[in-house]
Amino acid sequence: MRIGITDYVTPPFDIEQEALGEAADFVFLNSENEADFDPDVLGTLDALLVWHAAIGPKTAQALRRCRIVVRYGVGYDAIDVAALTAAGIPFCNTPDYGTEEVADTAAGMILALQRKILSYDLACRSFVSGWQEHVQPPLPRLSRLTLGVVGVGRTGTALMQRMRPFGLRLMGYDPHQPSGHEKAVGYHRARSLGELLAEADIVSVHCPLSPETKGIIDAEFLARMKPGSILINTARGGLIQSLDAIHDALESGHLLGTGLDVLPEEPPTPGLLIDAWLANDPRFAGRVIINPHTAYFSDHAWREMRYKAAETVQMFLGEGTLRNHIVC
């Protein structure tokens with residue numbers, strides 16, 4: 001078997017080798033830009049593992065021998081599934097890795113912002129007198145609040161499980177989950193996104209990026225959130241229409257804080273929120289957490305992702321079994 005790997009995961013491919021066996025040979029394409037891929041090399045591949053690279057009709061047509069394309073991660077908005085299907089190549093993703101890590105990060109951001117842990121850490125460095133009396137009201141008890149989860153799939157459910165012991169009221173909005181899902185998981189089901197935004201003190205977004213959800217976090221979304229609420233996004237950067245709208249909501253005080261592991265552009269480009277964050281603007285001190293799209297990562301998740309993606313290739317080439325098949 002000749003297996004192509006587009007980018008990011010660099011040699012040696014020992015984890016992929018373990019999943020696929022000694023019969024597998026690997027070709028590192030070493031580019032996120034499909035224009036760099038040699039069509040002659042693509043034509044020799046039996047399977048292709050993809051990280052950041054976009055896969056369009058040009059690549060699909062060049063994969064003359066390829067029997068399957070698998071994305072290392074969950075999202076596949078950069079993959080032209082229709083083009084692969086037209087070329088007779090099934091496409092699969094790897095949705096069941098890093099669930100714990102992303103949920104843990106979202107939970108950590110919630111606690112850090114709601115309990116004002118970062119804000120206190122920054123503030124107490126400059127006290128000129130006193131100590132314990134420097135409290136920062138308003139600061140409601142966590143168990144009196146409502147956590148609203150947009151997208152109650154694997155990660156959204158995992159977040160609810162982590163936050164349940166804190167006593168929050170759990171609320172979810174996900175039109176793609178079947179009736180009764182809320183009873184199995186244990187949350188109040190919002191009938192609309194507007195209902196959730198109006199009631200939730202903390203909103204954590206865990207939906208995939210699609211035409212339906214692209215840019216969903218916009219000025220209207222933020223305006224519909226409760227005053228003094230918290231926004232968390234550890235899902236996809238493309239869910240945010242504009243970071244400027246988040247900046248404005250923070251500046252006005254409508255948002256208490258925000259935790260973002262993903263951004264519309266990565267690395268971030270200059271803008272109101274990014275500029276204020278970089279400058280340690282005191283108006284936003286302790287109210288903005290930005291991580292470099294690393295919520296998915298742990299040593300265990302990294303191995304799990306690579307092994308499972310390669311295992312998906314092995315299952316199809318060796319057994320004819322398609323796992324996590326995406327149908328356009």
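Buried means under 20% relative accessible area, exposed means over 50%, and partly exposed lies in between, with a 1.4 Å probe and protein chains only. By that rule helix H7 (residues 154-163) is mostly covered, with 7 of its 10 residues buried. The model is predicted, so local features need pLDDT of at least 70 and side-chain atom pairs count only at pLDDT 80 or more, while totals for chains, interfaces and linings use all residues. Residues are numbered from 1 along each chain as its sequence is written, and side-chain values use heavy atoms, leaving out hydrogens and water.

**Overall chain**

- The chain has 13 helices and 13 strands; these are DSSP runs numbered from the N terminus, helices being H or I with at least four residues and strands E with at least two.
- For 328 residues a compact globule would have a radius of gyration near 20 Å, and the 22 Å of the chain agrees with this. The radius is taken over C-alpha atoms, and the globule rule is 2.2 Å times the number of residues to the power 0.38.
- Along the principal axes, the C-alpha atoms fill a box of roughly 70 × 45 × 35 Å.
- Of the 328 residues, 50% are buried.
- Among contacts (heavy atoms within 4.5 Å) with a separation of 6 or more, 62% join residues 24 or more positions apart.

**Surface and charge**

- The accessible surface of the chain is about 15,400 Å², and carbon and sulfur atoms hold 53% of that. Areas come from the Shrake-Rupley method with a 1.4 Å probe; for residues, only the protein chains shown count as cover.
- The chain carries 28 positive and 40 negative charges, whose mean positions are 7 Å apart.
- Lys and Arg count as positive and Asp and Glu as negative, with His and the chain ends not counted. Each charge is placed at NZ of Lys, CZ of Arg, CG of Asp or CD of Glu.

**Parallel sheet**

- Seven strands form an open sheet with parallel pairing, in the order S8-S7-S6-S9-S10-S11-S12. Its edge strands are S8 (188-189) and S12 (288-290), each pairing on one side only. Two strands pair if DSSP finds at least two bridges between them.
- Strands S6 (residues 146-150) and S7 (residues 169-173) run parallel and share 5 bridges; Leu147 stands opposite Leu170 in S7.
- Strand S10 (residues 229-233) is joined to S11 by 5 bridges, again in parallel, and Ile232 has Gly259 in S11 as its bridge partner.
- Strand S11 (residues 255-260) is mostly covered, with 5 of its 6 residues buried.

**Mixed sheet**

- A second open sheet holds 6 strands in the order S2-S1-S3-S4-S5-S13, with mixed pairing. S2 (25-28) and S13 (325-326) are its edge strands, and each pairs on one side only.
- Strand S1 (residues 2-5) runs parallel to S2 and is joined to it by 4 bridges. Gly4 stands opposite Val27 in S2.

**Helix H7**

- The buried residues of H7 are Thr155, Gly156, Thr157, Ala158, Leu159, Met160 and Met163.
- Their cover includes helix H5 (99-114), S6, S7, helix H8 (181-185) and strand S9 (202-205).

**Glu304**

- Glu304 lies in helix H13 (residues 299-319) and counts as partly exposed because its relative accessibility is 26%.
- Leaving aside residues up to four places away in sequence, Glu304 touches Asp96, Tyr97 and Gly98.
- Glu304 and Tyr97 are 207 residues apart in sequence, but their C-alpha atoms are 6.2 Å apart.
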